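Subject: Structure handover and notes

Dear colleague,

I am passing on the structure below, together with notes on what was found in it. Please read the notes with the coordinates open.

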Amino acid sequence: MDSNSSPSQAIHVVSTFTSPFETSPPVDSSSSTRKPLSLWPGMYHSPVTNALWEARSSIFERLLDPPIDAPPQSELLTKTPSQSRITIFYNFSSDYILREQYRDPWNEVRIGKLLEDLDALAGTISVKHCSDDDSTTRPLLLVTAAVDKMVLKKSIRVDTDLKISGAVTWVGRSSIEIQLEVTQFTTQESTFPSDSIALTANFTFVARDYKTRKSAPVNRLSPETEREKMLWEEAEARNKLRKRKGGELRREFENGEGDRLKTLLSEGRIFCDMPALADRDSILIRDTCLQNSLICQPQQRNIHGRIFGGFLMHRAFELAFSTAYAFAGMMPCFLEVDHVDFLRPVSTHLTSYCLSNCIDYNYCFQQVDVGDFLRFNSCVLYTELHNPEQPLINIEVVAHVTRPELRSSEVSNTFYFTFTVSPEAVKNGLRIRNVVPATEEEARRVLERMDAENLQLVKT
């Protein structure tokens with residue numbers, strides 16, 4: 001049944017590991033039979049990706065070898081949000097192997113793996129909305145542009161079934177916004193459906209022409225229900241506000257930057273010049289740093305041959321969690337992922353201009369390819385201690401694409417995560433230290449992040 005006739009789709013996720021006693025016949029590469037999904041790109045690690053690709057194999061198989069010389073889609077379609085809606089179920093209560101694939105040491109779902117799944121689901125929804133179901137035209141190249149702030153409203157257990165549902169909620173000329181909801185019911189849950197929502201995320205994708213790599217128009221969206229119309233209006237308002245108010249609000253926060261830098265650096269100077277007199281309850285940013293590196297492997301690529309945006313978020317989260325753990329001295333509690341832009345930050349001002357004015361993203365995207373040498377650097381950028389019952393630990397993770405042969409290193413993404421510690425630890429006397437910059441460059445990064453947080457609070 002095609003996407004125009006199916007109002008929604010429900011997919012059950014199953015474990016991807018099989019019994020070692022099971023055997024399968026060898027695959028003949030010359031055979032015309034569709035090769036098993038286990039041999040498709042990006043299939044090694046995610047039960048969700050496996051389930052999504054199986055469910056939409058007719059579309060994805062076409063994307064594996066797109067007809068580049070075929071004509072582009074000639075006529076845009078009008079689709080409803082329900083036509084792109086997909087729901088996936090994790091049967092954690094009954095599938096032991098699946099539960100083990102997602103379990104962290106504290107019997108909760110691994111957040112990094114969940115972020116990867118969210119990106120995979122959002123990508124599938126975008127493909128479903130943009131598909132014209134015509135094998136004679138070349139498909140669009142869809143790229144993750146941004147992820148709105150994601151706030152964890154409740155812990156997600158790994159022994160209780162989980163559901164993620166999402167659909168397209170807004171479209172522009174070449175951009176698509178998708179909202180995903182993570183829900184988990186427990187026996188103690190109230191009768192209000194909103195009480196079961198653990199996390200809500202908005203992903204923005206942009207469309208490019210597969211051949212020219214220029215921005216391409218996407219199918220229109222026609223909201224039907226009152227909720228769908230409300231989500232459209234909210235997304236429309238966010239886009240208008242970003243274009244109209246972004247620069248104005250940013251200038252307001254930048255006023256008096258010199259005094260703010262001086263204040264931030266004053267304590268750090270004492271650490272550098274007179275360390276014996278420095279505040280024992282504070283620590284320099286550079287003393288909180290961790291890093292790791294990897295070579296991007298073929299198994300981590302998406303259907304377009306690039307590295308999954310969700311894979312980058314997964315690895316960034318794991319490093320951020322470790323950084324917060326080493327800093328706090330106990331297991332941190334994850335709270336939120338701040339807004340993530342998958343852009344090439346040529347400069348801070350250019351990135352800000354792209355976001356506030358919605359210029360052509362083709363000039364900004366930093367693609368991460370198979371074989372790239374990727375380095376992640378993390379630090380505790382600053383802490384917020386005004387609420388003694390819930391101190392906040394703000395982690396910055398910067399991903400660099402490094403090319404030793406060219407003696408170059410370029411930022412591909414910057415991620416911001418917020419953690420806290422358990423209330424019991426605070427009651428038992430745990431103290432989170434203040435983090436201070438030692439250089440002007442570090443101080444500017446802190447101010448930019450604080451200003452970005454304030455901008456988001458004003459917009460909401």
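Arginine 449 lies over the face of tyrosine 416, with 3.8 Å to the ring centre; a charge is taken to sit over a ring if NZ of Lys or CZ of Arg is within 6 Å of the ring centre and within 35 degrees of the ring normal. The charged end of lysine 113 likewise sits over a ring, that of tyrosine 102, at 5.3 Å from its centre.

This is a predicted model, in which local features need pLDDT of at least 70 and side-chain atom pairs count only at pLDDT 80 or more, while totals for chains, interfaces and linings use all residues. Residues are numbered from 1 along each chain as its sequence is written, and side-chain values use heavy atoms, with hydrogens and water left out.

Tyr416 and Arg449 return in the lining of the second largest cavity, alongside Asp338, Asn394, Ile395, Phe417, Thr418 and Glu453. Two or more lining residues come from each of strand S15 (392–403), strand S16 (408–420) and helix H11 (440–459), and S16 gives the most, with 3 residues. This cavity holds about 30 Å³ of space, and the whole structure has 2 cavities of 30 Å³ or more. A cavity here is a set of points, on a 1 Å grid over the protein atoms alone, where a 1.4 Å probe fits but cannot get out, and lining residues have an atom within 4 Å of a point.

Phe417 also belongs to a cluster linked by ring pairs, together with Trp106, Phe317, Phe321, Tyr325, Phe334, Phe415 and Phe419. The search of the whole structure finds 14 aromatic pairs, one of which joins phenylalanine 321 and tyrosine 325 edge-to-face, at 6.1 Å centre to centre and 80° between the planes (rings pair if their centres lie within 6.5 Å, and planes over 60 degrees apart count as edge-to-face). Phenylalanine 321 is buried at 15% relative accessibility, whereas tyrosine 325 is partly exposed at 35% (buried means under 20% relative accessible area, exposed over 50%, partly exposed in between, with a 1.4 Å probe and protein chains only).

Finally, asparagine 202 in strand S8 (residues 197–209) is buried, with a relative accessible area of 12%. Its side chain makes a polar contact with that of glutamine 179 at 3.4 Å (a pair of N or O atoms within 3.5 Å, one able to donate a hydrogen and the other to accept it).

Best regards

Terms used:
Rings of Phe, Tyr and Trp (its six-membered ring) pair if their centres lie within 6.5 Å; planes under 30 degrees apart count as stacked, over 60 as edge-to-face and the rest as tilted. Helices (H or I, at least four residues) and strands (E, at least two) are DSSP runs, numbered from the N terminus. On a 1 Å grid over the protein atoms alone, a cavity is a set of points where a 1.4 Å probe fits but cannot get out, and a pocket is an open set with protein on both sides within 12 Å along at least five of seven lines; lining residues have an atom within 4 Å of a point. Grid points are joined across faces, edges and corners, and a volume is the space filled by probe spheres set on the points.
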